[in-house]
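Subject: Handing over the structure

Hello,

Here is the structure I promised to pass on to you. Please have it open while you read, and my notes on what turned up follow just below.

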Amino acid sequence: MARRLMEGSEAIAEAMVAVDCRFFAGYPMTPFTEILERMAEFLPPVGGVCMNAESELEAIGMAWGAAATGARAATGSTGQGLALMQESISEMCTARIPLVVINMGRGQGDYFQATRGGGHGDYRTPVLAPSTVAEAVELVPLAFDLADRWRNPVLIYGDYYLGHTSQAVEVQSKDHASTGRAVADKPWALDGSTGGSGRAKLLSSLGEAKQRDGVGYDLAEHLERAGAATLEMGAGIEPFCDVGHCDDADLVVVAFGTIGRFVRWVVKELRSEGHRVGYVRPITLFPFPTEAVVEAAAGARSVAVYENNLGQMIDDVRLSVLGSCPVEFIGGLSMDSSGFGVGPEIDAPKIRARILAELERVEAR
Amino acid sequence: MDTELVGQRVVLRTDRRPDDATLVDDFTPELVDVGAHHLCPGCGEPIAIRSAVECIAELGAVERTISVFGIGCYTAFSNNLDIEVLQALHGRAPSLATGVKRMRPDALVLTVQGDGDMVNEGLQEVLHAAARGENITCVLLNNGVFGETGGHITSTTVLGQRTKNTLDGRDAERDGYPILIGDLIASMGGTAYAARGAVNDAGNVARTRRMLAAAFATQERGEGFSFVEILTMCPTGWFIETQESPDYLADVIAGTHQIGVLKGGDVPKGDR
Ligand SMILES: Cc1ncc(C[n+]2csc(CCOP(=O)(O)OP(=O)(O)O)c2C)c(N)n1
Ligand code: SF4
Ligand SMILES: [Mg+2]
């Protein structure tokens with residue numbers, strides 16, 4: 001595989017098509033728009049379908065229908081669009097339908113939306129947060145595999161920087177016919193062929209049992225089963241993260257996505273100058289890499305959390321260390337005039353200054 | 001007293017429970033799993049659903065049909081059919097059906113939705129599907145109420161129609177006007193076939209079945225969006241005696257939502 005200079009959106013789209021994503025539907029919104037544009041370009045030549053949905057409600061509905069036939073399907077959006085999709089995301093968890101959702105946020109203010117969701121019922125969605133284009137390209141196949149394995153929607157949570165940064169990356173070729181692998185492993189997928197067999201398939205958030213079994217929809221039973229599958233998924237997915245310089249660190253800085261990339265760079269620089277500082281960059285936001293955070297914080301005097309928002313992931317960090325160590329927020333919302341999450345504070349010297357100030361405060365204690 | 005007089009009509013009180021169901025017959029139609037369904041006695045929806053699945057059988061498309069169900073009383077049939085079913089959220093069946101059809105162009109794809117589902121919650125979905133000329137068939141079971149929630153006003157409730165929250169009848173000034181969804185869809189470029197039938201008597205059931213057959217044939221020929229609106233009785237939501245509901249449908253509902261082929265097909269004599 002040759003390395004090519006590609007913009008994040010293009011690389012993500014190409015990586016999706018390369019792993020047999022054959023249906024995409026979306027509605028334009030910055031910084032998600034370019035992914036839709038690229039999918040519209042890439043899918044038809046390989047026999048796939050990309051729909052310019054009339055709303056985000058319809059975009060996820062179309063992807064839901066496509067996924068129900070066993071195809072690898074995806075949709076995506078940004079903040080408000082994701083908000084509109086919440087009812088479908090949660091219902092698809094209960095109906096146990098795989099889907100990949102590319103959530104290109106503005107800043108990091110949608111951490112709660114991504115990891116908790118605003119839908120209904122006891123559901124969870126795995127969330128993968130790449131910090132570079134190269135990492136996004138690696139996480140795309142994993143997102144589809146997790147979605148298929150657990151029959152559940154999976155989110156990839158990026159931002160403006162991820163979508164619009166160009167990087168030399170290796171992407172598997174997308175120009176091949178679908179291997180059919182994705183559909184073969186889905187005995188539940190609909191193709192109409194079981195009609196008239198006495199056991200026609202039913203794919204429903206209300207239950208799988210038919211009235212002919214003398215049961216019909218029994219939500220008590222179905223929600224219990226769907227709930228058990230959700231718990232099994234949460235326990236079955238190995239959380240992972242990028243950890244650096246945490247041995248003997250006085251201060252451990254936790255950050256994800258684009259900010260995590262800045263923090264890693266700053267921490268390396270501070271280390272080379274002899275400062276006792278380390279970092280943890282969660283890559284799976286759900287399930288959260290709790291053990292790695294605990295381990296990194298074990299020898300530290302304090303943990304700092306840097307996010308481009310008012311402090312959301314910090315809840316997960318606090319739930320991880322459970323009071324064994326102080327956890328301080330050193331981030332903050334940094335916006336541009338368009339509200340795309342591209343603010344003046346997202347700058348290595350400024351992030352360095354905040355980390356250094358926190359380190360001095362901790363060491364002075 | 002279980003009844004009261006509203007205008008010329010004796011209606012049931014809204015706080016009265018419907019009569020206990022008495023099993024008249026345990027006949028089970030083809031492609032329906034269990035004949036003894038959970039809907040009210042006198043409900044028109046089972047007749048409409050039976051008509052649709054019988055048309056699918058006649059077409060020989062049973063082994064390649066995928067239906068997408070909305071949320072309403074008819075959802076009781078989404079786990080009671082021997083054709084494949086994808087259950088949608090309230091209002092969202094047309095977008096799901098779009099995704100299904102795009103990935104399985106050889107399947108016969110239909111939605112089954114009520115007026116609350118299609119014309120209230122999901123109006124944009126069906127209009128966009130029609131405008132796109134999406135090659136699917138949307139079937140609307142129109143009873144002018146949210147039957148499932150207890151008979152509340154919907155966007156198709158006709159003027160003067162009694163519902164749980166318009167007990168004195170829908171009043172244009174207070175409640176606005178009904179949407180004539182079949183006519184609206186017929187006016188759209190992507191619609192190849194649109195018709196409005198009813199299940200209040202044997203003649204209309206037969207006519208409705210012809211409309212369903214024409215709609216499915218339209219899809220099979222790949223001509224674009226097809227639509228069949230079926231007026232169905234809801235004695236419970238209309239708060240009238242079960243045996244009165246077919247006449248109420250003819251007199252009150254069909255006076256506004258007029259029965260006939262609205263676009264495409266071979267418009268039979270006597271139909272518009
Ligand atoms: C988003 C959402 N809002 C409200 C409901 C509650 N609800 C269930 S069925 C229904 C009305 C169904 O009306 P219709 O589609 O006309 O079907 P009918 O019961 O009349 O057959 C409503 C409002 C819901 N399920 N989902
Ligand atoms: S409430 Fe109306 S629509 Fe619902 S089952 Fe009863 S009669 Fe049918
Ligand atoms: Mg209704």
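Let me begin with the magnesium ion (ligand 3), which is coordinated by three residues of chain B: Asp115(B) through OD, Asn143(B) through OD1 and Val145(B) through O, at 2.1 to 2.2 Å. Along the chain, the donors follow the spacing D-x27-N-x1-V. Asp115(B) belongs to helix α3 (residues 115-121) of chain B and Val145(B) to strand β7 (residues 145-146) of chain B, so this pair ties together parts that lie 30 residues apart in sequence. Please keep in mind throughout that this is a predicted model.

Next, the place where the two chains meet. How many residues of chain A are in contact with chain B? There are 44 of them, and they touch 37 residues of chain B. The size of an interface is often given as the accessible area lost when the parts come together. Here the area buried between chain A and chain B is about 3300 Å², and carbon and sulfur atoms give 57% of that.

Side chains of opposite charge can pair when their charged atoms come close. Between chain A and chain B the rule finds 3 salt bridges. One to look up is the salt bridge in which the side chains of Arg212(A) and Asp33(B) meet, at 2.6 Å from N to O.

Which elements of chain A give two or more residues to the side that touches chain B? They are β2 (21-26), β3 (49-52), α3 (56-68), α4 (79-95) and β9 (202-203) of chain A. The largest share, 8 residues, comes from α3(A). Sorted by class, this side of chain A has 18 nonpolar, 16 polar and 10 charged residues.

The strand β9(A) also pairs with a strand of the other chain: β9(A) and β4 (residues 84-87) of chain B run in the parallel sense over 2 bridges. If you want to find the spot, Leu203(A) stands opposite Leu86(B) in β4(B).

Within chain A, you will find an open sheet of 7 strands in the order β3-β2-β4-β5-β7-β6-β13, with mixed pairing. Its edge strands are β3 and β13 of chain A, each of which pairs on one side only. Inside this sheet, strand β5 (residues 99-105) and strand β7 (residues 153-159) of chain A run parallel and are joined by 7 bridges. Val101(A) stands opposite Leu155(A) in β7(A).

The peptide bond from Thr30(A) to Pro31(A) is cis, with omega near 5 degrees, and Pro31(A) is found in the loop between β2 and α2 (33-42) of chain A. Another cis peptide bond leads from Phe286(A) to Pro287(A), with omega near -5 degrees. Pro287(A) lies in the loop between β13 (284-286) and α11 (290-298) of chain A. His245(A) has a positive phi of about 65 degrees although it is not a glycine. You will find His245(A) in the loop between β10 (241-244) and β11 (251-254) of chain A.

Enjoy exploring!

Best wishes

Methods: Residues numbered from 1 in each chain as written. Chains lettered and ligands numbered in written order. Predicted model: local features only at pLDDT ≥ 70, side-chain atom pairs only at ≥ 80, totals over all residues. Heavy atoms only, no water. Contact = heavy atoms within 4.5 Å. Buried area = accessible area lost by both parts, 1.4 Å probe. Salt bridge = Lys/Arg side-chain N within 4 Å of Asp/Glu carboxyl O. Helix = DSSP H or I, 4+ residues; strand = E, 2+ residues; numbered from the N terminus. Nonpolar A, V, L, I, M, F, W, Y, C, P; charged D, E, K, R; others polar. Pairing = 2+ DSSP bridges. Donors = N, O, S within 2.8 Å, 3.2 Å for Na, K, Ca; no water.
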